[in-house]
Structure formats: structure tokens, C-alpha cells
Amino acid sequence: MARISKVLVERQDGKASLLPRHVIVVRVASFAFRFGSVERLRECIKYYEKKTRPSSRIAAKTLAADLGEDWRELRGWDVERWFERLPIYLLEEPKALSRALALAETGKL
């Protein structure tokens with residue numbers, strides 16, 4: 001059973017913020033997944049709905065344009081896209097992310 005919630009994120013520097021920032025938290029299969037925006041959630045759902053997932057290879061020109069010419073010096077997880085690091089456990093309960101998206105879009109979250 002998935003648990004879906006919206007959590008207020010506090011600033012790390014202790015300063016007050018006029019615009020509160022929330023994240024969507026989906027707890028599934030002993031993992032808690034945090035999505036900073038509805039767009040990120042949609043992107044993750046789109047990726048995991050594919051029966052055959054595309055290669056994780058990214059063209060060197062694309063990496064250089066996004067990360068700068070020194071992208072080869074970065075660690076491996078800095079180069080990966082964020083949704084490629086998520087475990088396959090999301091496939092055990094595929095409806096959880098869709099339900100979280102529906103709740104976020106209707107404002108019931």
C-alpha cells in the first residue's frame with residue numbers, strides 16, 4: 001500500500017521564506033520518493049510506463065552543453081538523469097505514482 005503526502009520543506013540556512021516550498025512524497029515498497037514538482041512526477045511516470053526503457057547513454061555533446069566542458073571529471077551519479085537512479089521497486093505498485101499525480105493535479109494533496 002502506498003502512502004502519499006505533501007511535505008513542507010524548510011530552508012537549511014534558518015531564514016524565513018515568503019513562498020513555502022512543498023514536495024510530494026510517495027512511500028512505496030519501503031522507499032520514500034520525493035518529487036519537487038508535478039512535472040518531475042509526470043516525467044518519472046512517463047519513464048516507468050515504457051515497457052522497454054531507453055538506453056541511459058547521453059551524447060557527449062549534450063552533456064557538454066548541459067554540464068560544461070569539464071563534465072568528464074564529474075562523478076557517475078552527477079551525469080545520470082535523476083529518474084534513472086530510482087529503483088525498479090516502483091514497478092511493484094505502478095498505480096501509486098499515477099494516484100499521486102491525480103491527487104496533486106486536483107489539489108487534494
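Two strands count as paired if DSSP finds at least two bridges between them. Strands (E, at least two residues) and helices (H or I, at least four) are DSSP runs, numbered from the N terminus. With that in hand, welcome to this predicted model, where local features need pLDDT of at least 70, side-chain atom pairs count only at pLDDT 80 or more, and totals for chains, interfaces and linings use all residues. Residues are numbered from 1 along each chain as its sequence is written, and side-chain values use heavy atoms, with hydrogens and water left out.

**The sheet**
- Three strands make an open sheet in the order E1-E2-E3, with antiparallel pairing.
- Strand E1 (3-9) and strand E3 (31-35) are at the edges with a single partner strand each, so one side of each has no neighbour in the sheet.
- On average, neighbouring strands are turned by 30° against each other, direction ignored (axes are lines fitted to C-alpha atoms, for helices over the stretch in contact, and angles run from 0 to 180 degrees between N-to-C directions).

**Strand pairs**
- E2 and E3 are joined by 5 bridges and run antiparallel, with Arg27 bridged to Ala32 in E3.
- Ile24 also stands opposite Phe35 in E3.
- A hairpin is formed by E2 and E3, with 2 residues between them, and Ala29 in the turn has a positive phi of about 50°.

- The structure holds 1 salt bridge, defined as a side-chain nitrogen of Lys or Arg within 4 Å of a carboxyl oxygen of Asp or Glu.
- Its partners are Glu105 and Arg42, whose closest N and O atoms are 2.6 Å apart.
- Glu105 belongs to helix H4 and Arg42 to helix H1 (residues 38-49), so the pair ties together parts 63 residues apart in sequence.

**Pocket lining**
- By class, the largest pocket is lined by 5 nonpolar, 1 polar and 4 charged residues (Ala, Val, Leu, Ile, Met, Phe, Trp, Tyr, Cys and Pro count as nonpolar, Asp, Glu, Lys and Arg as charged, and the others, Gly among them, as polar).
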